[in-house]
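Student: Can you walk me through this one? I want the layout first, then the charged residues.

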Amino acid sequence: MEQVSETFSIDLRRLTVLRELQRRGTLARTAEALHLTPSAVSQQIAALAREAGVPLTEKDGRGVRLTGQARVLLAHAEVIAAQLERARADLEGYGEGGRGSVTIGCLSSGILGLLPDVLGALAERLPRVRVDVVESEPPDLFTALDAGQVDVAVAVHFAAAPAHTDGRYRRTELFTDVMDIAVPAGHRLAGHGRVDLRELASEAWIVGDARSCVGAVARSVCAAAGFTPDIRHAVNDWSALAALVAAGQGVALVPRLVRPAYAHRDLALLTTRDGPPPSRHVFAAVRTGAEGDPVLATVLDQLRISGQELMRLSDLAG
């Protein structure tokens, strides 16, 4: 490998591929996320290595892993990306009106319970800005954020979401979404109000796919209570999940954020008896450097205001 030249330059698009490889861990997953072939990903990484003059990957069994030099380069890539976002924010905010459109990437429960109010408020606060919505969850949501396909990501903190310390993003904590236990209206515990979650350990459970926040959070809550749920149905759609509970097909954890999905269903909602209730932490994120964009700052502010008001009303109703 050649030494780094005095006229050092690298292709920023190839840095994006390297950053995605760091997140996904394998060439195949990186290729799938970026809509490329594994061969194309390998070629992009190899070209970046030639530009940088250092090895960026090394063999690890049948796959590859990042070298120490790659991690050094990625640390600088975060700084470069943040500075570019600051430049973009300054340009977008230059002159009257700022940017003309914003795309919010959001998990399904946020679209159902949070965004209708947010979009209505933003129409008044940013009348000349078009706001689009895309349904997505981590890790794909943050791949889209990195690529500029979305400007704001709204997500729940779970294993697939970026760590709080991830320097690529600026997070805004929005609210804590309490989760209730949904049981059929005729269930033996339906009138109890508060129960110990372990009283439902022997029940059939309805949860989401393990890779989604719907499934991951439910599984972790049950594990913390000391049992593994007997999962009969794996459903990611909240309306479908509520319909199955109402039909007597099992019990489920449902966040207060999605109350519109089950408000008129024939089911009962219970809360946990001891300790803090199960909950999900909802946050929004933008690319580091973009937080200076006045339009994005308004969107983040409205997400926080609407989310906290929604939780206040849910607590009163609960």
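Tutor: What follows goes from the whole chain to single residues.

Student: Where does the model come from, and how is it numbered?

Tutor: This is a predicted model, so local features need pLDDT of at least 70, side-chain atom pairs count only at pLDDT 80 or more, and totals for chains, interfaces and linings use all residues. Residues are numbered from 1 along each chain as its sequence is written, and side-chain values use heavy atoms, with hydrogens and water left out.

Student: How many helices and strands are there?

Tutor: The protein chain has 11 helices and 12 strands. Both are DSSP runs numbered from the N terminus: helices are H or I with at least four residues, strands are E with at least two.

Student: What box do the C-alpha atoms fill?

Tutor: Roughly 75 × 55 × 30 Å, taken along the principal axes.

Student: What share of the residues is buried?

Tutor: Of 318 residues, 47% count as buried. Buried means under 20% relative accessible area, exposed means over 50%, and partly exposed is in between, with a 1.4 Å probe and protein chains only.

Student: And the surface, how much of it belongs to carbon and sulfur?

Tutor: The accessible surface is about 15,600 Å², and 51% of that belongs to carbon and sulfur atoms. The areas come from the Shrake-Rupley method with a 1.4 Å probe; for residues, only the protein chains shown count as cover.

Student: What about contacts between residues at least 6 apart in sequence?

Tutor: Of those, 73% join residues at least 24 apart. Contact here means heavy atoms within 4.5 Å.

Student: Charges next. How many positive and negative side chains?

Tutor: There are 34 positive and 38 negative side chains, and the centres of the two sets lie 3 Å apart. Lys and Arg count as positive, Asp and Glu as negative, while His and the chain ends are not counted. Each charge is placed at NZ of Lys, CZ of Arg, CG of Asp or CD of Glu.

Student: How many salt bridges?

Tutor: The structure holds 24. The criterion is a side-chain nitrogen of Lys or Arg within 4 Å of a carboxyl oxygen of Asp or Glu.

Student: Why would such side chains pair at all?

Tutor: Side chains of opposite charge can pair when their charged atoms come close.

Student: Which residue does aspartate 140 bridge to?

Tutor: Aspartate 140 meets arginine 24 in a salt bridge, at 2.9 Å from N to O. Aspartate 140 is partly exposed at 45% relative accessible area, whereas arginine 24 is buried at 13%.

Student: OK, and arginine 13?

Tutor: Arginine 13 forms a salt bridge with aspartate 11, and the closest N and O atoms are 3.1 Å apart. Arginine 13 is exposed, with a relative accessible area of 66%, but aspartate 11 counts as buried at 17%.

Student: What about arginine 65?

Tutor: Arginine 65 has a salt bridge with aspartate 60, the closest N and O atoms being 3.9 Å apart. Arginine 65 is partly exposed at 44% relative accessibility, and aspartate 60 is partly exposed at 40%.

Student: Which residues are joined into one network?

Tutor: Glu20, Arg23, Arg24, Asp140 and Asp146, through salt bridges that share partners.

Student: Back to arginine 19. Where is it, and what does it touch?

Tutor: Arginine 19 is in helix α1, residues 12-24. Leaving out residues up to four places away in sequence, arginine 19 touches Leu74, Ala77, Ala81 and Arg168. Arginine 19 is buried yet has no salt bridge, and the nearest side chain of opposite charge, aspartate 146, is 4.5 Å away.

Student: Backbone now. What is the peptide bond from proline 138 to proline 139?

Tutor: That bond is cis, with omega near 0°. Proline 139 is in the loop between β4 (130-135) and α7 (140-146).

Student: And histidine 35, what is its phi?

Tutor: Phi of histidine 35 is near 60°, a positive value in a residue other than glycine. Histidine 35 lies in the loop between α2 (27-34) and α3 (38-52), and is exposed with a relative accessible area of 71%.
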